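This report describes a protein model for a reader who is new to structural description. Please consult the sequence and the structure alongside the text.

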Amino acid sequence: MQPDERYGRRWLRATSAVFLKDWHAELRTRYAINALGMFVVTTISIILFSLGGEPASPEVLAGMLWVVLFFAAMSGMSRTFVMEEERGTAMTLQLQAPASAVYFGKLLFNLVLGAGLTLLTVVLYAVLIEGFVIRSYGVFIGVVTLGSIGLAAASTIIAAIIARANTKGTLYPVLSFPILLPLLMTVINATRLASEGTSWADAGGEFQILISYIVVVVTTSYLLFEYIWKD
Amino acid sequence: MILKGALGVLLTLVIIAAFALPITPQPQSWLEFPLIPGLEEKARIIFFHVPTAWLSVMAFLTSMVFGIRYLRKRDMLDDIRSSSAAGLGLLFCILATATGAVWAKFNWGSFWNWDPRETSIFVLLLIYGAYFSLRSAIEVEEKRATLSSVYSIIAAVTVPFFVFIMPRIMTGLHPGAKGDPDGAGPVIEFKMSPNMRVVFFASLIAFTLLFVWMFTLRVRAARLESHLQAKG
């Protein structure tokens with residue numbers, strides 16, 4: 001076996017170990033399943049009450065969907081890093097795994113968490129909110145998938161930053177919003193297009209922006225993570 | 001001292017020229033600005049508003065470059081430079097937003113319209129705000145320097161996306177933007193007469209030099225402060 005191939009395997013094993021560690025910790029406490037599920041239910045009921053049966057335009061509803069998703073991500077995705085600092089396990093993890101393995105393990109966990117959150121939110125939203133109609137299903141599924149990947153990618157690196165600061169809760173959305181705004185504006189626009197009915201070709205520009213946003217954010221995070229992670 | 005004096009003279013000349021030179025429909029001499037339809041006297045804002053907007057972006061880039069240098073060399077002086085540039089950037093960003101909003105009230109009818117450039121300056125304000133709230137939340141100096149440098153780099157790589165996003169969502173209102181009925185293209189090249197251009201670039205240079213001077217002052221003050229803290 002070549003040495004770099006062996007290194008690659010070790011790296012993959014470390015990444016999946018970090019992911020599985022978080023996964024098992026999550027299954028033990030069921031924090032995300034309980035608290036974040038309830039968060040989504042609460043937010044959607046607030047929207048239902050504030051609409052009060054009045055019809056709302058597709059633009060407003062497309063925007064509201066991403067408001068729910070943004071704040072759900074903001075309340076759930078910092079946990080993987082904040083937990084390490086609170087339990088005092090960050091040092092151990094620094095010794096056990098290379099920084100990039102930690103980053104990709106945590107990113108993977110947030111991607112799974114984000115996928116679950118998005119699925120729950122979209123299903124509840126579609127069932128409970130009357131005016132929310134989707135005409136181009138394919139485009140909508142593509143937008144929601146890429147949107148939740150982008151949300152997880154940007155949230156993960158900001159979570160790594162705020163886990164090291166003193167005020168963790170309030171700072172998270174403040175730091176994330178300017179970074180996420182390009183993504184949010186694109187997905188809101190694309191969701192509106194999908195609910196009005198559009199073709200893949202018309203929404204193509206949105207997909208280009210989303211994919212390049214994800215690539216840029218993940219690459220930058222990968223390059224910078226070591227500075228955040230190592231003391 | 002001589003440099004400071006020269007900068008003072010240059011700024012004075014720019015300010016006098018920008019305010020005092022008359023705007024007439026048929027400029028006769030070199031000291032008269034041509035009238036631009038739709039802008040009239042309000043065209044004078046370009047001599048002050050554009051340099052502040054330019055500096056708020058330049059200051060952000062300066063801050064990011066010193067942030068990168070800090071990450072490479074771990075020299076606290078670079079962090080002082082980075083945060084000083086960001087502080088000045090916030091000042092110029094607020095100035096650009098305020099002057100722009102006042103002008104927009106008289107030219108477009110409302111203080112804020114979410115025009116693409118208004119949106120981008122708003123995002124820049126948010127980034128500056130987030131940058132300083134991050135800095136105030138960390139007590140350990142090295143950690144604060146590292147994390148704020150990393151944050152400014154991440155912010156700098158995501159901001160260029162607005163260039164592609166904004167045209168898809170709305171057309172611009174700014175003179176020279178795509179939606180401008182008087183023709184597309186940057187206002188600097190199409191509508192400014194040669195003498196306006198001279199004043200404009202003189203103003204841009206003067207304000208940039210003013211920024212450099214303020215920047216070195218701030219860095220010196222911050223260095224002295226940290227020396228005093230280290231002694232006391």
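What span should the 18 residues of helix 5 of chain B have at 1.5 Å a residue, and how far apart are its end C-alpha atoms? Helix 5 (residues 141-158) of chain B should span 26 Å, and its end C-alpha atoms are 26 Å apart, which agrees. The expected span is 1.5 Å times one less than the number of residues.

The model is predicted: local features need pLDDT of at least 70, side-chain atom pairs count only at pLDDT 80 or more, and totals for chains, interfaces and linings use all residues. Residues are numbered from 1 along each chain as its sequence is written, chains are lettered from A and ligands numbered from 1 in the order in which they are written, and side-chain values use heavy atoms, with hydrogens and water left out.

**Chain B**

Chain B contains 8 helices and 2 strands, in the order α-β-β-α-α-α-α-α-α-α from the N terminus. Here helices (H or I, at least four residues) and strands (E, at least two) are DSSP runs, numbered from the N terminus. Of its 232 residues, 45% are buried, that is, under 20% relative accessible area with a 1.4 Å probe, protein chains only. In helix 5 of chain B, 13 of the 18 residues are buried, so this helix is largely enclosed by the rest of the structure.

**Helix 3 of chain A**

The 19 residues of helix 3 (residues 58-76) of chain A should span 27 Å, and the end C-alpha atoms are 27 Å apart, in agreement. Its buried residues include A:Leu61, A:Trp66 and A:Phe70. Among the elements that cover the buried residues of this helix are helix 2 (31-51), helix 4 (79-87) and helix 6 (99-128) of chain A.

**The interface**

| Item | Value |
|---|---|
| Buried area between chain A and chain B | about 2,600 Å² |
| Salt bridges between chain A and chain B | 0 salt bridges |
| Polar contacts between chain A and chain B | 2 residue pairs (both at pLDDT 80 or more) |

Buried area is the accessible area (1.4 Å probe) that two parts lose on being put together, summed over both. A salt bridge places a side-chain nitrogen of Lys or Arg within 4 Å of a carboxyl oxygen of Asp or Glu. A polar contact is a pair of N or O atoms within 3.5 Å; within protein, one must be able to donate a hydrogen and the other to accept it, and residues adjacent in sequence count only if both atoms are side-chain atoms.

Definitions and conventions:
Buried means under 20% relative accessible area, exposed over 50%, partly exposed in between (1.4 Å probe, protein chains only). Contact means heavy atoms within 4.5 Å.
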